[in-house]
Amino acid sequence: MTANSGNQALSTNKQLLDWVDQCAKMTKPDQIVWCDGSEEEQRRLTEIAVAQGVLEPLNQEKLPGCYYSRSNPNDVARVEHLTFICTPTKEEAGPTNNWMAPADAYKKLSGLYDGAMKGRTMYVVPYVMGPLGSSSSKIGIELTDSVYVVLNMRIMTRMGKAALQMMGDGNEFNRGLHSTLDVNPERRFICHFPQDNTIWSVGSGYGGNVLLGKKCLALRIGSYLGRNEGWLAEHMLILGVESPEGEVTYVAGAFPSACGKTNFAMLIPPKRFHGWKVTTVGDDIAWMRVGSDGRLWAVNPEAGYFGVAPGTSMKSNPNAMLSVRKNTLFTNVARTKDNDVWWEGKDGEVPEELTDWQGRPWKKGSADKAAHPNSRFTSPAANNPALSKFWDDPQGVPISAIIFGGRRATTVPLVVQSFNWTHGVYFGATMGSETTAAATGKVGVVRRDPMAMLPFCGYDMGSYFQHWLAMQSKIPMPPKIFMVNWFRQNAQGKFVWPGFGENMRVLKWVIDRARGKVGGQETKIGWVPRPGDLDLSDMDISEEDVLEATKIDPVEWKRELEAQGEWFDSLGSTVPKALRLQRELLLERIK
Ligand code: OXD
Ligand code: MN
């Protein structure tokens, strides 16, 4: 390391300094730069990124402060098969996670890190997940050799000096080390050490693998901490529904990736709901704790949106479209001749010519996608016109309802409320997404994704269910739990529910149920709206489609409950007895 390179450490915390030093000895960067999170720093790092070709400025008249980045084509998504939970025993990681013994993982990755930052800068990125000053927030330090990571972390987290101030001389911070190395899938690993509050990520530059505050800390390590400390770290959006009288009800919702979570979090109610407003607290992650008033309170640990671009339009999500007009980083989208961005499903005519996500010329009608299907925008929460005024509140917001949703062509009705907490946990534990006829030619193949946490739970899944069940006794006023399905199809394979803004109609029943304001009808699988309970006025939907969307077919449910039994069997002996019993009760009822 040259004496005049890098900058002065921004902390005197001995534990932090020692750890940075240790990592620098291993990775051997040319210089170490401590990030303060200032605007001046952001300008400087953006210039460096542009000079290195990591970022390209977009049309600054149309998209002020927006930049473009293209990743290595072998590095465009999260890599679940290369993601490991490194607990002392395999059982602690459970059957749904890849496992490596901590000593083996440290040894293997140390070999890869050895000299990995030669010729590069090591950035020290202090950040906070959760509102500044909140006792529920967590501090992390990410050491990275990617300026792209630093600039994304600045949007997605509270990054810089404030984090170091919150940390003081304490030793309670997540230690994250990231090197892009040579972006070789053979040398790519994302390892989590929950017992050490440590994350080691190597060989990737893609968001979900390298923005360590997000999936790695806020969910995998977070869920482990949550179990030990008595709270919930969940893959959930948080939204507020405001009535014309100003009464706000907060809802958290778990949906598997690619089921429209960001759209739901930013929903604009249809005309029928004049005076109603949906506000966004978060679009991806919720940390929920029991408040002194006995309710469950949620904070969004993030400060921005890392959203999927394709399919985002003024029809599907106007608030997201307005959010990405400035100070946004775009990754792997396509570009127009005048240096604007484009993706499949964006509004307007498809341009005649584009530059595709790999930098190749692209012509309208080409069989290849112009934008990568997982291309992304990273934009600050502050850009969202629907942002809740409590999104940054250290206390969070009180949750009245939890929604579990999947993509199911059959079986699961539009909306159903659980009989009780345990039955609601059962909804979450068995949720899944079904491959549709359009996608695979075969309907009914379900990938179970419990609470949408399959790739994100940092410990054994059965024990995670047990933690959810145990939370009941800690929450004197628990939220009501619902299951929804926007994706039901008729025999012709047509979606029967229009979704998007019209989901407000379901949301309205959910919040009215949570407040005890509306009736429902008991069925064998839970409470559903009685005819007339769902406000469907001024809606372009046939009676037949409504019946299809809300249908509960005992034959389908018998099959479903059998499949749910197999799912529990695959998880082994830690699946709580209470959930197995729940299944038996449902089976008895359905018979
Ligand atoms: C995400 C995901 O990027 O769930 O949020 O994959
Ligand atoms: Mn997600």
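Helices and strands are here DSSP runs, a helix having at least four residues and a strand at least two, and they are numbered from the N terminus. The structure on display is a predicted model.

Begin the tour with His274. Although 31 residues separate Ser243 from His274 along the chain, their C-alpha atoms are 9.4 Å apart.

Now move to the manganese ion (ligand 2). Which protein atoms are its donors? Select Lys215, His235 and Asp284: the donor atoms are NZ, NE2 and OD respectively, lying 2.2 Å from the ion. The spacing of these donor residues in sequence is K-x19-H-x48-D. Lys215 belongs to helix H8 (residues 213-229), while His235 sits in the loop between strand E12 (232-234) and strand E13 (236-242), so the pair ties together parts that are 20 residues apart in sequence. Are Lys215 and His235 buried or exposed? Both Lys215 and His235 are buried.

Finally, turn to the second largest pocket, whose volume is about 490 Å³. Select Val54, Ser146, Val147, Tyr148 and Thr180, which lie nearest its centre among the 24 lining residues. Then colour strand E3 (67-69), strand E6 (121-129) and helix H5 (147-156), each of which supplies at least two residues of the lining. Helix H5 gives the most, with three residues. Colouring the lining of this pocket by class shows eight nonpolar, eleven polar and five charged residues.

Technical notes:
Residues are numbered from 1 along each chain as its sequence is written. Chains are lettered from A and ligands numbered from 1 in the order in which they are written. This is a predicted model: local features need pLDDT of at least 70, side-chain atom pairs count only at pLDDT 80 or more; totals for chains, interfaces and linings use all residues. Side-chain values use heavy atoms; hydrogens and water are left out. Donors are N, O and S atoms within 2.8 Å of the metal (3.2 Å for Na, K and Ca); water is not among the atoms, so sites may look incomplete. Buried means under 20% relative accessible area, exposed over 50%, partly exposed in between (1.4 Å probe, protein chains only). On a 1 Å grid over the protein atoms alone, a cavity is a set of points where a 1.4 Å probe fits but cannot get out, and a pocket is an open set with protein on both sides within 12 Å along at least five of seven lines; lining residues have an atom within 4 Å of a point. Grid points are joined across faces, edges and corners, and a volume is the space filled by probe spheres set on the points. Ala, Val, Leu, Ile, Met, Phe, Trp, Tyr, Cys and Pro count as nonpolar, Asp, Glu, Lys and Arg as charged, and the others, Gly among them, as polar.
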